Amino acid sequence: MGETITFWVLAVVSVGAALGMIFSRKAVYSALLLGGVMLCLAVLYAVQEAPFLAAVQIIVYTGAIMMLFLFVLMLVGVDSADSLVETLRGQRVWAGPSPGSASPSW
């Protein structure tokens, strides 16, 4: 019974964090929410009695790779004002009608 409750609680948290990661406007928030999803996955491994996978998930993926993402974001210095600068003239006009793309958010 405990595994079922843990699974459903972590499922809601993971899906919420994943949706927050997708719809977040700031890259740092997306990276932190991705770390939350990875931690939920590590807990699910631990509940399924796979302690090695849980430890590897936390140490390698959540620890090392997520810190690498955050360091790169800090070094690059992502600024929300940079995304409004159009580097190639007319790129937003041509990107709008491309197949499979959502409507542009100008």
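I began with burial: of the 106 residues of the chain, 14% count as buried (under 20% relative accessible area, with exposed over 50% and partly exposed in between, using a 1.4 Å probe and protein chains only). I noted that this is a predicted model, in which local features need pLDDT of at least 70, side-chain atom pairs count only at pLDDT 80 or more, and totals for chains, interfaces and linings use all residues. Residues are numbered from 1 along each chain as its sequence is written, and side-chain values use heavy atoms, with hydrogens and water left out.

**Elements.** From the N terminus on, the order reads α-α-α-α. I also looked up contacts (heavy atoms within 4.5 Å): among those between residues at least 6 apart in sequence, 44% join residues at least 24 apart.

**α1 and α2.** I took helix α1 (residues 2–23) with helix α2 (residues 27–47); they pack at an angle of about 165 degrees, with their axes 8 Å apart. Axes are lines fitted to C-alpha atoms, for helices over the stretch in contact, and angles run from 0 to 180 degrees between N-to-C directions. The angle makes α1 roughly antiparallel to α2 (over 145 degrees; under 35 is roughly parallel, 65 to 115 roughly perpendicular, the rest oblique). I listed the residues that meet: those in α1 include Phe7, Leu10 and Val13, and those in α2 include Leu33, Val37 and Cys40. By class, this contact has 13 nonpolar, four polar and one charged residues. Ala, Val, Leu, Ile, Met, Phe, Trp, Tyr, Cys and Pro count as nonpolar, Asp, Glu, Lys and Arg as charged, and the others, Gly among them, as polar.

**Ser30.** I then checked Ser30, which is found in helix α2. Is Ser30 buried or exposed? Ser30 counts as buried, at 16% relative accessibility. A polar atom of the Ser30 side chain lies 3.0 Å from the backbone oxygen of Met21. Leaving out residues up to four places away in sequence, I found Ser30 touching Met21 and Ser24.

**α2 and α3.** Last, I looked at α2 with helix α3 (residues 51–76): their axes come within 9 Å and cross at roughly 175 degrees. That makes α2 roughly antiparallel to α3. The contact of α2 with α3 has 19 nonpolar, three polar and no charged residues. Among the residues that meet are Leu34, Met38 and Tyr45 in α2 and Ile58, Tyr61 and Phe69 in α3.

Key: Helices (H or I, at least four residues) and strands (E, at least two) are DSSP runs, numbered from the N terminus. A polar contact is a pair of N or O atoms within 3.5 Å; within protein, one must be able to donate a hydrogen and the other to accept it, and residues adjacent in sequence count only if both atoms are side-chain atoms.
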